[in-house]
Amino acid sequence: MTTAPSPLRTFGSVLWRDTFVTGRELVPFLAQVIIQPFFTLFIFGKVLANLGYVGPDYAAILLPGIVALNGFLGALQNTTMPLIMDFSWTREIEDRLLAPIPIAWVAIEKMLFGALRGVVAAVLMIPIGFLILDGVHWPAAAWLPVLLIVVLGSLVGAAIGMTIGTSVQPRQINILFAVILVPLMFTGSTQFPWMGLESVRWFQVLCALNPLTYVSEAMRAELVPQVPHIPVWISLLVMLAACAGFGTLGIRGFLRRALD
């Protein structure tokens, strides 16, 4: 007598299938997560430094922020875009909903897969940053905390991506980057320390509303602690709250769209 697979095993199989598909789409994925941050590091950390427009220590401040950005944004995009397509054009989501697991688990799998891609995107930028930038070194003791921050930051990005992906209609995809993603990128304190914005108080407050700011600040707290930063415990608390809050909103939105 054949027994039906457990929901947990089915969940793992679905996640593994998505991961396997990533291997088949490796080149487009690498282009998506490397090109833009590569040029950001090259222009801001290398070219402007050689021209004397930024200080010699700026590269050490920039790289943690770009790694945080790549993990956060990679997870967000790889959760949002597939959802928009699945719920509109491809309707692949209907096959997932037929799997013998709760519908909410399908949403969680989508977020975990997006977060996994975000972690890979962030980790890829570390050796690239070391090759591009001069004089940047990370202490060995910081690697484990940094990895944990990258994972948490990617989960936050995936949770926000789930919320956006279940809220944005296909016809609104053209304005997604201009209205949502670009402001997230430039108010996330990835290119500057948040504490240094005291003279531009309104912008500092705006950046404080962006969860990405706390990912960037937590990274700098571990890697360049001499630079004034938000206390790590505050950054971690905000990231956990953002992950739980946006994750809940995203799952509710997913259930609403799936049951329509």
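These legends accompany close-up views of a predicted model.

**View 1**
Let's start in a loop: Thr-166 sits between helix 6 (143–165) and helix 7 (173–186). Is this residue buried or exposed? With a relative accessible area of 2%, Thr-166 is buried, because the cut-off for that class is under 20%. Leaving aside residues up to four places away in sequence, Thr-166 touches Leu-83, Phe-87, Gly-250, Gly-253, Phe-254, Arg-256 and Arg-257.

**View 1. Phe-130 and Trp-138.**
Next come the aromatic rings, for which the count in this model is 7 pairs. One of them joins Phe-130 and Trp-138, whose ring centres lie 5.3 Å apart. Their planes meet at 80°, so the pair is edge-to-face, a label given to angles over 60 degrees.

**View 2. Phe-130 and Trp-143.**
Stay with Phe-130 for a moment, as this residue also forms an edge-to-face aromatic pair with Trp-143. Here the distance is 6.3 Å centre to centre, with 80° between the planes. Which helices does the pair link? Phe-130 belongs to helix 5 (residues 103–132) and Trp-143 to helix 6, and the two residues are 13 residues apart, so the pair is one that links distant parts of the chain. Trp-143 has a relative accessibility of 36% and counts as partly exposed.

**View 3. A cluster of phenylalanines.**
Which residues make up this aromatic cluster? Phe-38, Phe-39 and Phe-42 form it together.

**View 4. Two cysteines, Cys-207 and Cys-243.**
Cys-207 is buried, with a relative accessibility of 0%. Cys-243, in turn, counts as partly exposed at 23%.

**View 5. Two annotated segments.**
An unreviewed UniProt entry carries the annotation "transmembrane region" for several stretches, including residues 142–161 and 232–255. In the model, residues 142–161 are 95% helix and 0% strand, and the C-alpha atoms at the ends of this stretch are 28 Å apart. Residues 232–255 are 100% helix and 0% strand, with end C-alpha atoms 34 Å apart.

Notes
Residues are numbered from 1 along each chain as its sequence is written. This is a predicted model: local features need pLDDT of at least 70, side-chain atom pairs count only at pLDDT 80 or more; totals for chains, interfaces and linings use all residues. Side-chain values use heavy atoms; hydrogens and water are left out. Helices (H or I, at least four residues) and strands (E, at least two) are DSSP runs, numbered from the N terminus. Buried means under 20% relative accessible area, exposed over 50%, partly exposed in between (1.4 Å probe, protein chains only). Contact means heavy atoms within 4.5 Å. UniProt positions are given in the numbering used here, feature names are shortened, and annotations may be inferred rather than shown by experiment. Rings of Phe, Tyr and Trp (its six-membered ring) pair if their centres lie within 6.5 Å; planes under 30 degrees apart count as stacked, over 60 as edge-to-face and the rest as tilted.
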